[in-house]
Amino acid sequence: MTIARVIVDVPSRETDRPFDYSVPDRLAPWTEIGSRVAVPFAGRTLQGIINGFAQESEVDVSRLKAVEDVLDALPPLTPELVELGGWISRRWLCPLIVALQVMLPSALKGRTEKYMALAEGVSEPDLTDESDAAIWNVFRQGKAVKWSALMQQFPDRGPLLKRWLKEGRLTERQQVEDRLSVKTVLTVFPPGEAELREMLAGIPARARKQREVLEYLIARPDPIAMADLAEAAGTTTSTVRALADRGALDIREVTEDRDPYEGRNFPASTPLQLTPAQHAAMNPIAGALKNREHRVFLLHGVTGSGKTEIYLQAIQQTLSQGREAIVLVPEIALTPQMVERFKSRFGERVAVLHSRLSHGERYDEWRKIREGRAQVAVGARSAVFAPFGNIGLIVIDEEHETSYKQEESPKYHARDVAVERARSHGAAVVLGSATPSLESYAAAHGDLSHGGEVRYISLPERVADRPLPAVHIVDMREELKMGNRAMFSRPLTDALRDRLEKREQTVLLLNRRGYATFVMCRSCGYTCTCPHCDISLTYHRGSQNLRCHYCGYAEAEPKVCPSCQSPHIRFFGTGTQKVEEALAAAFPGIRVIRMDVDTTSEKGSHEKWLTMFRNQEADVLLGTQMVAKGLDFPRVTLVGVLAADAALRLPDFRASERTFQLLTQVAGRAGRHELPGEVVVQTYDPEHISVASVQGHDYGGFVRHELAVRHALGYPPYGRLISLTFSHESVPMLISIGETFAKRMKERAHSLGIPSAAMPGDSEAMDVLGPVPSPIPRLKDRSRFQCMVKYRGTLDASALTAEVLRDMSDAVKRSGVQISVDVDPQMML
Ligand code: ADP
Ligand code: ZN
Ligand code: ZN
């Protein structure tokens, strides 16, 4: 007997193991590793994924339950992806089913539907009530009826149905259902020409329309959508149906791919002649592809240096070897412009996956990949799971972007997944960025933390020597001293006015993240930081004090600035709407497009605003982070940044890196074409390395400084972190569980001989900080505390954490404390 080992769709630690089911003979040909199946589990029918087969089981084989159904003819996951799921679940500490589910298109994430039907051989009940009789009639037609549909139609008859169930008149069953089916089109399949002519002869002259349809088909005897045929023959679909009823035509449902880019024209493009710099960059990549070697490259090139052309040519080479390519782009940069560059080079071979597509569109694109009809997948984070079987290349553009880390479980990082997948395929990985993450940069310079060897490729110049824009840093403390309390500094006001006169465009970035959590002096720029962690202290409204959420240090909220005694401490910034009003007041008649979470929640709105701006229907594009990424407008000659340093104060050791990346990126929006660009950055902290380095476009200077800081404090890339958040209504309960965790971790480390203080130079060390209140100390009536495991070296702290949590699982369950674990967290909030 074949036994399938199934991972069932119950995302909990207790069920995180395979369950054995027998495979009935009729299903045996359809089951493979990666098949989606319906299985009975705890009295219900659930969806599961087969992750292996066995000949015997620990359970008494005669009592094994059977697989009820196989849900897809072609398994949605390949054995490689199932294996990858195991790796993800160990790496990021999540149940295996959660790691497998994230690889499925949302359309396939199973729901179970309850169905009811008449039991066999029952007699009619006493039907005095009219609506009782109506329901009975529904069932009498013999088909199973969907419970949800029934409840919609007869909302108040629940108790009656329950009674009938109890009396055995009805039976109930569960069925796993897909979120949607593929789109089908009624298609006409004409017989041969001779048959059509014969038919035509038999149709009376007065049935003129029917004759015209047949004549059309005689001229063009190909399958055609019924609606199209009716339109072409100048009639309606009922005429076509009438012919089908006569037996002349065959009408069948045919699945059709919805093309999300339908109606858009993608002019063909051909490879450009590479510049000498591009050529030098391309060489090592081409070499690895040619030899089918697994290699990771960091392609460091400023915006406009021609990275995308290199991706395109590397993909070309991959395809010519009969292999497949995946291109990851940050969600926000996945614009039609971006897609067009790939579609115009590779046409139909490109499938596009991103979250703005409907479930159906996404599913259709996914099927193109799974069924081998597409060889290039372009998409956001989860496209890293594109179900290809023979990958030659994975490109990650803007590899430093935080959106490559998923914030909910599984909290995977697409960069790490890409490298793991590429390893098993013997594929190359190209990480591209103008501001590489410090992790990738350090790995490429021999500072190995985690991950293997990375080869550094630099592309320092823009194509055609277009100059980088000039950057002016404006010190807002000086503006305040000069009596300017407005949002816009004098240099920015002048520059804006100049652009309005010349009818050129401006992008304004309001960097708002981080306000309201820190305390800053508006007179001198002073902010309060932890003396132990070099992290901004977080303002806690309830207790009115400042706390470090890494180590728990706390101090009273200052009333005047500790540095300059000014009372202008506690400045929390403004929102985009206020800026929009201020613009209208300062520049009467100015046309502003505001892009923030409020104005872009609707599907397609994001693109709509950008198209308007491109068509010069506005002078200013004002927005949050989303205006900084990947946009390319020829008429933009000015970029203004309103609060360059806000994100610097986030209580996150990556705050400097993020700020530098954001400022560099937004500066790159200016002067990308013929017109030269200018950037004005307003800040309270002009000397800060993140701000100052942007002025000289000095990535190297920034990175050297920042790496030294990270090294001294043992932060990534020189050490690693695992953060655990404990939440519960009761604070003492939290603290007790958190302390137990910290204590057990330290005991384990001690017994393994791992030193606790991460001293520079130690090859291996592990420390556990906390429990301390989380940066968001309360959420949905639950208090939150966190612990941070900080370690370095090759020790497997994930496995250690998993072990300790397993040992504690009974106590944790009894306490009701929820624990969420984030391995290699990107956002410390
Ligand atoms: P990046 O991806 O680094 O921002 P792109 O690949 O978008 O850079 O290139 C910037 C601009 O230069 C684009 O308009 C592109 O068409 C053009 N370009 C790139 N490579 C070449 C080349 N070899 N010859 C001519 N133009 C090029
Ligand atoms: Zn001050
Ligand atoms: Zn601290």
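Student: Which of the 15 residues around ligand 1 come nearest?

Tutor: Q273, Q278, G304, T308 and R341 come nearest, out of 15 residues around ligand 1; a residue counts as near a molecule or strand if one of its heavy atoms lies within 4 Å of it. The model is predicted, so local features need pLDDT of at least 70 and side-chain atom pairs count only at pLDDT 80 or more, while totals for chains, interfaces and linings use all residues. Residues are numbered from 1 along each chain as its sequence is written, chains are lettered from A and ligands numbered from 1 in the order in which they are written, and side-chain values use heavy atoms, with hydrogens and water left out.

A backbone N or O atom of Q273 lies 2.8 Å from a nitrogen atom of ligand 1. For G304, a backbone N or O atom is 2.8 Å from an oxygen atom of ligand 1, and for G306 the corresponding distance, again to an oxygen atom, is 2.9 Å. Taken alone, ligand 1 exposes 550 Å², of which the protein buries 74%; these accessible areas come from the Shrake-Rupley method with a 1.4 Å probe, and for residues only the protein chains shown count as cover.

The shell divides into 4 nonpolar, 8 polar and 3 charged residues. In this count Ala, Val, Leu, Ile, Met, Phe, Trp, Tyr, Cys and Pro are nonpolar, Asp, Glu, Lys and Arg are charged, and the others, Gly among them, are polar. Helix α11 (residues 307-320) gives the largest share of the shell, 3 residues. Helices (H or I, at least four residues) and strands (E, at least two) are DSSP runs, numbered from the N terminus.

Elsewhere in the chain, an open sheet of 4 strands runs in the order β29-β30-β28-β31 with antiparallel pairing; two strands pair if DSSP finds at least two bridges between them. Because β29 (765-779) and β31 (818-823) stand at the edges with a single partner strand each, one side of each is left without a neighbour in the sheet. From one strand to the next, the twist averages 20°. Strand β28 (residues 720-728) pairs with β31 in the antiparallel sense over 6 bridges, and V823 in β31 is the bridge partner of I722. Helix α24 (residues 797-815) packs on this sheet, touching β28, β29, β30 (782-792) and β31, and its direction makes about 5° with that of β28. Contact here means heavy atoms within 4.5 Å; axes are lines fitted to C-alpha atoms, for helices over the stretch in contact, and angles run from 0 to 180 degrees between N-to-C directions.

Some backbone details remain. Most residues other than glycine have a negative phi, and most peptide bonds are trans. The peptide bond from P716 to P717 is cis, with omega near 5°, and P717 is found in the loop between α22 (699-713) and β28. The bond from G770 to P771 is also cis, with omega near 10°; P771 is found in strand β29. Q565, a residue other than glycine, has a positive phi near 65° and lies in the loop between β23 (554-556) and α18 (576-586).

Terms used:
A polar contact is a pair of N or O atoms within 3.5 Å; within protein, one must be able to donate a hydrogen and the other to accept it, and residues adjacent in sequence count only if both atoms are side-chain atoms.
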